[in-house]
Amino acid sequence: MAVARERVLELMKTQCRVFNTTFNPNGVRMGSRILHERLKGDAVASYYPPRIGTIKQLRSLYPEHTVIDEKEEDWVEHLTIAKSRGKENPKKKRTAAESKKFSKKR
Amino acid sequence: MAQFKAKMLDIGCFAHTRNIRDHTKRKVFAANEPERQALRYIIRNTTLPQRVRAQAQLQLSQMHCYTRFTQVKNRCIMGGKGRGVFSDFRLGRFQFRMNALAGELPGVRKASW
């Protein structure tokens, strides 16, 4: 015995309501396929391992401890030595008169 | 592109320029994925007005190329190679061999029969 089309549609409608899907008896393209796709951005972005254990991170994680950065210390030491020998960077020029590069020196 | 690049090095593996660039692309893709999917939904949905769909098409085509997934490439995380990379281990074939022989990849052993 053939089932009436209305009855089948009714069943489909109920099915859609129960399983929370879109009622679309004519098969119209509604793009719901794209809404069903999972977002893969997080998995894609975590391909490369993150950089961990840098001095900056350690300092922010453990503010109660003093983390020594040897490279920075060497650099500061080099700067202080250069300064004591009068070899530091030239002072920033603040006015136009000071910054005249090719002004004649007398 | 320079506007997306991280100011500080933020990957802990082999830091080849191309690896850094690929990482940048991945981050940009992840940030823009919902927007792209929304636009794709509008374009595919035939019940929406044609004008709206055309506008969405235009907007999608005008997004930056770094927001596209096809820009992303799996590269070796220990040698930076772009070809012959095992995606399960994220290693190039030679790096894979060296690490596997050294016993650093759990569950991998040399076949012998």
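How many of the 15 residues of H5(A) are buried? I started my notes there, keeping in mind that this is a predicted model.

**Entry 1: helix H5 of chain A**

I counted zero buried residues among the 15 of H5(A), so this helix lies largely in the open. Next I checked the length of the helix, residues 70–84 of chain A. At 1.5 Å a residue it should span 21 Å, and I found its end C-alpha atoms 21 Å apart, which agrees. Just after H5(A) I came to A:Gly86, where phi is positive at about 75 degrees.

**Entry 2: chain B as a whole**

I read chain B along its sequence and wrote down α-α-β-β-α, from three helices and two strands. Then I looked at its overall form. The radius of gyration of chain B is 20 Å, whereas a compact globule of 113 residues would come near 13 Å. Along the principal axes, I noted that the C-alpha trace of chain B spans about 65 × 40 × 20 Å. Buried residues account for 16% of the 113 residues in chain B. I also looked up contacts in chain B between residues at least 6 apart in sequence: 39% of these join residues at least 24 apart.

**Entry 3: the two domains of chain B**

Chain B is divided into domain 1, residues 14–73, and domain 2, residues 74–107. I find their C-alpha centres 29 Å apart. Domain 1 of chain B gives six residues to the contact and domain 2 of chain B gives seven. On the domain 1 side I sorted the residues by class, and got one nonpolar, two polar and three charged.

**Entry 4: helix H1 of chain B**

Where does helix H1 of chain B kink? I found a kink of about 50 degrees at B:Asn32, shortly before the proline B:Pro34, in this helix of residues 17–44. I then listed the buried residues of H1(B), among them B:Asn19, B:Asp22, B:His23, B:Val28, B:Phe29 and B:Leu39. B:Lys25, B:Arg26 and B:Lys27 are also buried in H1(B). What do the buried residues of H1(B) pack against? I see them against helix H3 (41–45) of chain A together with helix H2 (50–61) of chain B.

**Entry 5: where the chains meet**

I counted 23 residues from chain B and 18 residues from chain A in the contact. The chain B side that touches chain A has nine nonpolar, seven polar and seven charged residues.

**Entry 6: two residues with positive phi**

A:Asn20 has a phi near 60 degrees, and sits in the loop between helix H1 (5–19) and helix H2 (32–36) of chain A. Is A:Asn20 buried or exposed? I count 6 other C-beta atoms within 10 Å, so A:Asn20 is exposed.

B:Arg90 also has a positive phi, of about 60 degrees, although it is not a glycine. I placed B:Arg90 in the loop between strand E1 (85–86) and strand E2 (91–92) of chain B. B:Arg90 counts as partly exposed, because it has 18 C-beta neighbours inside 10 Å.

**Entry 7: B:Arg93**

I found B:Arg93 in helix H3 of chain B, residues 93–101. B:Arg93 has 15 other C-beta atoms within 10 Å, so I noted it as partly exposed. Leaving out residues up to four places away in sequence, B:Arg93 touches B:Gly84 and B:Phe86. Last, I checked B:Arg93 against B:Gln3, 90 residues apart along the chain, and their C-alpha atoms are separated by 33 Å.

Methods
Residues numbered from 1 in each chain as written. Chains lettered and ligands numbered in written order. Predicted model: local features only at pLDDT ≥ 70, side-chain atom pairs only at ≥ 80, totals over all residues. Contact = placed C-beta atoms within 7 Å. Nonpolar A, V, L, I, M, F, W, Y, C, P; charged D, E, K, R; others polar. Helix = DSSP H or I, 4+ residues; strand = E, 2+ residues; numbered from the N terminus. Expected span 1.5 Å × (residues − 1). Buried ≥ 20, exposed ≤ 12 C-beta atoms within 10 Å, placed from the backbone. Bend = angle between axes of the 7 residues up to and from the residue. Domains from an automatic or database assignment. Rg over C-alpha atoms; globule rule 2.2 N^0.38 Å.
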